[in-house]
Amino acid sequence: MKALVYLGPGEKSWTDKPTPAIDKPTDAVVRLLHTTICGTDLHILEGDVPEVTPGRVLGHEGVGVVETVGAAVRNFKPGDHVLISCVTSCGSCTNCRRQMYSHCADGGWILGHTIDGTQAEYVRIPHADNSLYPIPAGADEQALVMLSDILPTGFEIGVLAGKVKPGDSVAIVGAGPVGMAALLTAQFYSPAMLIVVDADRNRLEVAQGFGATHLIDINSENAVQRIFELTDGVGVDVAIEAVGIPASFDTCQAVIAPGGNIANVGVHGKSVELHLEKLWIQNINLSTGLVNTNTTPMLLKTVQAGKIDASQLITHRFALADILAAYEVFGNAAREKAIKVILTQ
Ligand SMILES: [Zn+2]
Ligand SMILES: [Zn+2]
């Protein structure tokens, strides 16, 4: 089969790999229909994720058709259309029993990380019964790729961890795919104010179409000052950090109202300065996390019911064989006005 293979920092190739086969009885092999590229894949290619070794097939998101299943797989059979979760989970270890699938003793985020991933014609999915989700007939399967990672990440680690409530003021710092996913799913709870902060004018305009009530372009405005103006000097009830750099975390610390929640979603490559000396006396809560994907079945229902339109996140479409061109576009997201790219086989 063909696959997108990581060859070391800055090096990748669309090349031949052996087609995966069943290794353990709980495995399934899935033929990809649609996959995508994540910001995490770009971090890997920059050499920031040393656990990823040369030769690894990248990708942890996708929708496909079950090709073969191991003898112990009960929930799926060949021909079933499935959503692949970015988190693999056995469903029975101590952490899985607590719905902490991201810390499964025999799983977690392994696809495109420590085992071969989804940017390929076929992928082997361990613990298929708990790591795949059935796709209802007639679903928009391209849109469902947004449920592999970004929608559960924005929802669980941003909106749920940030405890967004009706009437809240919410600041989302960073309008990339995960910030947009937080913006879409925060609206389940009817916040009064959804302020989106970014440096990319196009992304801010897209955020407005997705339901942002206020936009702050940090090229021309001071985000902290503007947020205090918008909130009568109080700050926001929830600040969602969706970038992963010290400056955006600082903005969240600076604008949070007393009793508020800072939900860190961004993946940080270096440490931030935590102003505990200011936060403690303001009764601030701080949360972090890696997505568990335990909300995926619920999000599938909301997408199916039209409560959120996940297809809006897709800006570019390519054939899977043109994945190198898709990396060029996604790697230059601001210039290309890209949010999520879809690759179809
Ligand atoms: Zn991802
Ligand atoms: Zn487990």
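Okay, so let's start with H5 and H6, which cross in a right-handed way, meaning the near helix is turned clockwise from the far one by less than a right angle. Helices here are DSSP runs of H or I with at least four residues, numbered from the N terminus. Quick caveat: this is a predicted model, where local features need pLDDT of at least 70, side-chain atom pairs count only at pLDDT 80 or more, and totals for chains, interfaces and linings use all residues. Residues are numbered from 1 along each chain as its sequence is written, and chains are lettered from A and ligands numbered from 1 in the order in which they are written.

Back to the pair. H5 covers residues 150-160 and H6 covers 177-186; their axes sit 8 Å apart at an angle of about 70°, with axes being lines fitted to C-alpha atoms over the stretch in contact, and angles running from 0 to 180 degrees between N-to-C directions. So H5 is roughly perpendicular to H6, a label for 65 to 115 degrees. On the H5 side the contact includes Phe155 and Val159, and on the H6 side Val178 and Ala181; contact is C-beta atoms, placed from the backbone, within 7 Å.

Now the domains. The assignment, automatic or from a database, gives domain 1 as 2-149 + 292-344 and domain 2 as 151-287. Their C-alpha centres are 27 Å apart, and 18 residues of domain 1 touch 15 of domain 2.

Last stop, Met298, in helix H11, residues 296-304. Is Met298 buried or exposed? Exposed, because it has 12 other C-beta atoms within 10 Å, and 12 or fewer counts as exposed, 20 or more as buried, in between as partly exposed. The C-alpha atoms of Met298 and Pro152 are 9.6 Å apart, across 146 residues of chain.

Note on methods: Helix = DSSP H or I, 4+ residues; strand = E, 2+ residues; numbered from the N terminus. Contact = placed C-beta atoms within 7 Å. Parallel < 35°, antiparallel > 145°, perpendicular 65-115°, else oblique.
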